[in-house]
Amino acid sequence: VQLQASGGGLVQAGGSLRLSCLASGSIFRINDMGWYRQASGKQRELVAHSTSGGRFTISRDILKKTVYLQMNNLKPEDTAVYYCNAQISQGMGYPFMHYWGEGTQVTVSS
């Protein structure tokens with residue numbers, strides 16, 4: 001199983017970015033997909049609409065094995081490596097396991 005994220009980059013404060021993450025490989029079923037981020041020197045944290053003050057929106061298309069992260073009104077403190085995560089079962093009766101993408105860098109300049 002591979003998770004490939006794309007869409008990161010450098011953006012000015014107040015700008016927007018849209019990240020995408022596609023799961024591929026031996027996948028029987030996906031339970032959920034989401035995003036985490038890790039800033040330099042900090043722990044990895046869950047990215048959510050509620051914790052971003054409504055600036056971030058996560059959408060999922062499980063049939064397409066894709067999760068998106070729309071980030072608006074970006075702030076310098078949003079600078080981090082963004083990781084996608086998926087809970088995937090590789091077969092009938094197989095447990096759901098957490099898989100991680102390699103991460104994509106988002107840098108917000110002031």
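**Figure 1. How the chain folds back on itself.** In this predicted model, take the contacts between residues at least 6 apart in sequence: 59% of them join residues at least 24 apart. As for burial, 39% of the 110 residues of the protein chain count as buried.

**Figure 2. The strands, one after another.** What does the secondary structure come to? The protein chain has zero helices and ten strands. Follow the sequence and you'll read the pattern β-β-β-β-β-β-β-β-β-β.

**Figure 3. Overall size and surface.** The C-alpha trace of the protein chain spans about 50 × 25 × 20 Å along its principal axes. The radius of gyration of the protein chain is 14 Å, which agrees with the value near 13 Å that a compact globule with 110 residues would have.

**Figure 4. A look into the largest pocket.** Here's the largest pocket, with a volume of about 190 Å³. Its lining is made up of 16 residues, and the ones nearest the centre of the pocket are Met33, Gly34, Trp35, Leu46 and Arg60. Sorted by class, the lining has eight nonpolar, six polar and two charged residues.

Figure 5. Which strands each supply at least two residues of the lining of the largest pocket? They are strand 4 (29–38), strand 6 (56–61) and strand 8 (80–89). Strand 4 gives the most to this lining, with five residues.

Methods:
Residues numbered from 1 in each chain as written. Predicted model: local features only at pLDDT ≥ 70, side-chain atom pairs only at ≥ 80, totals over all residues. Heavy atoms only, no water. 1 Å grid on protein atoms, 1.4 Å probe; cavity = no way out; pocket = protein on both sides within 12 Å on 5 of 7 lines; lining within 4 Å. Points joined across faces, edges and corners; volume = space filled by probe spheres on them. Helix = DSSP H or I, 4+ residues; strand = E, 2+ residues; numbered from the N terminus. Nonpolar A, V, L, I, M, F, W, Y, C, P; charged D, E, K, R; others polar. Rg over C-alpha atoms; globule rule 2.2 N^0.38 Å. Buried < 20%, exposed > 50% of the residue type's maximum accessible area, 1.4 Å probe, protein only. Contact = heavy atoms within 4.5 Å.
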